[in-house]
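Please read it alongside the sequence and the coordinates shown here.

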Amino acid sequence: MAQVSSIAEEQASTPLSPSKSVTLRIARFNPEHDSERKFMEFTIPYKKWTTVLDIILEVKKYFDHSVAVRYSCRQATCGSCGMKINGKPMLACFTKITELDSDVITVEPMNNFPIIRDLAVRFERLFESHHKIKPYLIRDDSEITSNEKEFLQSPKEVEQYIQFANCIKCGLCNSACPTMATDSSFVGPQALAQAYRYVADSRDKGKNSRLKIIDESHGIWRCHFAGSCSQVCPKGVDPAMGIQLLRGYLLGFRS
Amino acid sequence: MEHRDENKEGIGGMINPRRYGIERVAYLLMRLSGLGLLAYFIGHIYETSLILKGEVGWSEFLELTQTTEGHVLLAIVIAMCVFHTVNGIRVMLGEGGVGVGKPARPDYPYIPASQNVKHKIGIYSAIVLAAIAMLYGLGVMFGE
């Protein structure tokens with residue numbers, strides 16, 4: 001009991017950081033009846049650990065509930081709250097106000113995705129591209145039908161792809177990609193990185209069919225290794241590395 | 001219409017070098033130098049074709065390169081040529097999987113291995129060598 005009270009005293013004696021305020025500019029646009037994007041400004045108090053998503057939700061709660069934003073887990077796991085924050089694609093739940101080092105925060109919908117409304121965008125194309133590269137193990141047998149209990153892998157074999165299995169399909173890489181800024185048919189860094197994830201998996205037998213899918217004019221060859229996709233990835237997937245390694249298979253440097 | 005529907009940044013976003021570090025600057029310079037060298041190549045073919053008009057036509061056009069504007073243009077061509085070559089070698093090696101790092105379990109703060117020091121040195125080297133070559137070219141042309 002004495003221990004509990006000492007913790008309580010310690011917490012009470014911890015000085016709270018004085019609350020500061022930030023100007024949040026939210027892009028408002030409804031493609032069904034708006035001709036152009038408008039910005040609404042709100043002054044919101046924040047503390048050291050306040051995230052961009054927190055202040056957007058403050059706006060929804062106390063100022064304007066009609067702001068459209070997609071979010072779910074609030075811990076950079078679901079990949080729902082991707083948006084452009086001060087010009088760069090980021091996850092709103094994973095971006096603290098303090099790390100932006102600005103008194104004005106502008107949030108806009110991600111580029112290269114059709115806008116549903118305000119900050120919410122459509123993901124159909126990303127999921128189509130993801131599905132196109134066959135994001136599953138391809139082989140004739142399965143762990144259920146095989147005599148083996150499971151398809152064993154060494155830690156070294158797992159290392160080859162585990163980084164790319166961290167993808168949460170948030171779409172930030174596709175939003176930052178300079179090729180996607182102009183080419184509507186480009187398959188995109190997200191799908192290409194996932195193609196590498198399965199090609200590099202020692203359990204997978206579908207390498208040739210997968211390489212055939214991406215070996216086209218709007219496929220892997222439209223990547224120019226600008227690396228912006230890797231810089232914005234919130235999970236350390238490094239799509240640029242995956243794409244270049246994948247290209248190594250097509251160029252005969254890897255087998 | 002499709003451009004607006006997909007909320008694409010277009011060419012303005014593609015060539016914006018301010019948001020993603022030196023790699024995106026290299027991407028822009030590579031594109032610009034590529035287009036510049038293509039334009040020079042077409043002009044060069046036109047220039048050499050003038051020999052068909054005889055020595056007078058050939059000499060008249062060649063005199064254009066002896067002006068101040070001609071010297072500056074040729075110096076820019078030298079810079080574009082050197083940058084495109086050096087950075088092109090870096091990009092080709094990277095696209096073959098050389099120097100882009102090895103896959104590994106990522107640790108926070110997730111610094112991408114493909115954007116490593118080797119590539120940054122390659123980009124800065126291309127810029128510095130292009131500047132040196134251009135200055136040397138200017139020295140030779142204006143020092144005549």
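A residue is called buried when its relative accessible area is under 20%, exposed when it is over 50%, and partly exposed in between, using a 1.4 Å probe and protein chains only. On that basis, 51% of the 255 residues of chain A count as buried. This is a predicted model, in which local features need pLDDT of at least 70 and side-chain atom pairs count only at pLDDT 80 or more, while totals for chains, interfaces and linings use all residues. Residues are numbered from 1 along each chain as its sequence is written, chains are lettered from A and ligands numbered from 1 in the order in which they are written, and side-chain values use heavy atoms, leaving out hydrogens and water.

**Overall organisation of chain A**

- Chain A contains ten helices and seven strands; these elements are DSSP runs numbered from the N terminus, with helices being H or I of at least four residues and strands E of at least two.
- The C-alpha trace of chain A spans about 60 × 60 × 30 Å along its principal axes.
- Among the contacts in chain A with a separation of 6 or more, 64% are between residues 24 or more positions apart; a contact means heavy atoms within 4.5 Å.

**The two domains of chain A**

- Chain A is divided into domain 1 (13-121) and domain 2 (124-251), with bounds that come from an automatic or database domain assignment.
- The centres of domain 1 and domain 2 of chain A, taken over C-alpha atoms, are separated by 30 Å.
- In chain A, 14 residues of domain 1 are in contact with 15 residues of domain 2.
- Domain 1 and domain 2 of chain A bury about 1,100 Å² between them, with 60% of it from carbon and sulfur atoms; buried area is the accessible area (1.4 Å probe) that two parts lose on being put together, summed over both.
- A:Pro89, A:Asn112 and A:Phe113 supply 46% of the area that domain 1 buries against domain 2 in chain A, more than any other three residues.
- The count of salt bridges between domain 1 and domain 2 of chain A is zero, a salt bridge being a side-chain nitrogen of Lys or Arg within 4 Å of a carboxyl oxygen of Asp or Glu.
- On the side of domain 1 of chain A that touches domain 2, β3 (82-85) and β4 each supply at least two residues, and β4(A) gives the largest share, with three residues.
- That side of domain 1 of chain A has nine nonpolar, five polar and no charged residues; Ala, Val, Leu, Ile, Met, Phe, Trp, Tyr, Cys and Pro count as nonpolar, Asp, Glu, Lys and Arg as charged, and the others, Gly among them, as polar.

- Helix α7 (residues 189-199) of chain A is mostly covered, with eleven of its eleven residues buried.
- The buried residues of α7(A) pack against α4 (124-132), α6 (172-176), α8 (207-214), α9 and α10 of chain A.
- A:Thr50 lies in the loop between β2 (38-46) and α2 (52-62) of chain A and is buried, with a relative accessible area of 14%.
- Not counting residues up to four places away in sequence, A:Thr50 touches A:Ile55, A:Thr95, A:Lys96 and A:Ile97.
- The side chain of A:Thr50 reaches the backbone nitrogen of A:Lys47 at 2.8 Å.
- A:Thr145, in the loop between α4 and α5 of chain A, is exposed, with a relative accessible area of 60%.
- From C-alpha to C-alpha, A:Thr145 and A:Pro234 are 37 Å apart in space and 89 residues apart in sequence.

**The interface of chain A and chain B**

- Contacts join 54 residues of chain A to 37 residues of chain B.
- About 3,500 Å² is buried between chain A and chain B, 53% of it on carbon and sulfur atoms.
- A:Phe225, A:Gln231 and A:Met241 supply 17% of the area that chain A buries against chain B, more than any other three residues.
- Four salt bridges are counted between chain A and chain B; the side chains of B:Arg105 and A:Glu159 meet in a salt bridge at 3.5 Å, N to O.
- On the side of chain A that touches chain B, β4 (88-91), α5 (155-159), α9 (228-232) and α10 (239-251) each supply at least two residues, and α10(A) gives the most, with seven residues.
- The residues of that side of chain A divide into 26 nonpolar, 18 polar and ten charged.

Note on methods. Polar contact = N/O pair within 3.5 Å; in protein donor to acceptor, adjacent residues only side chain to side chain.
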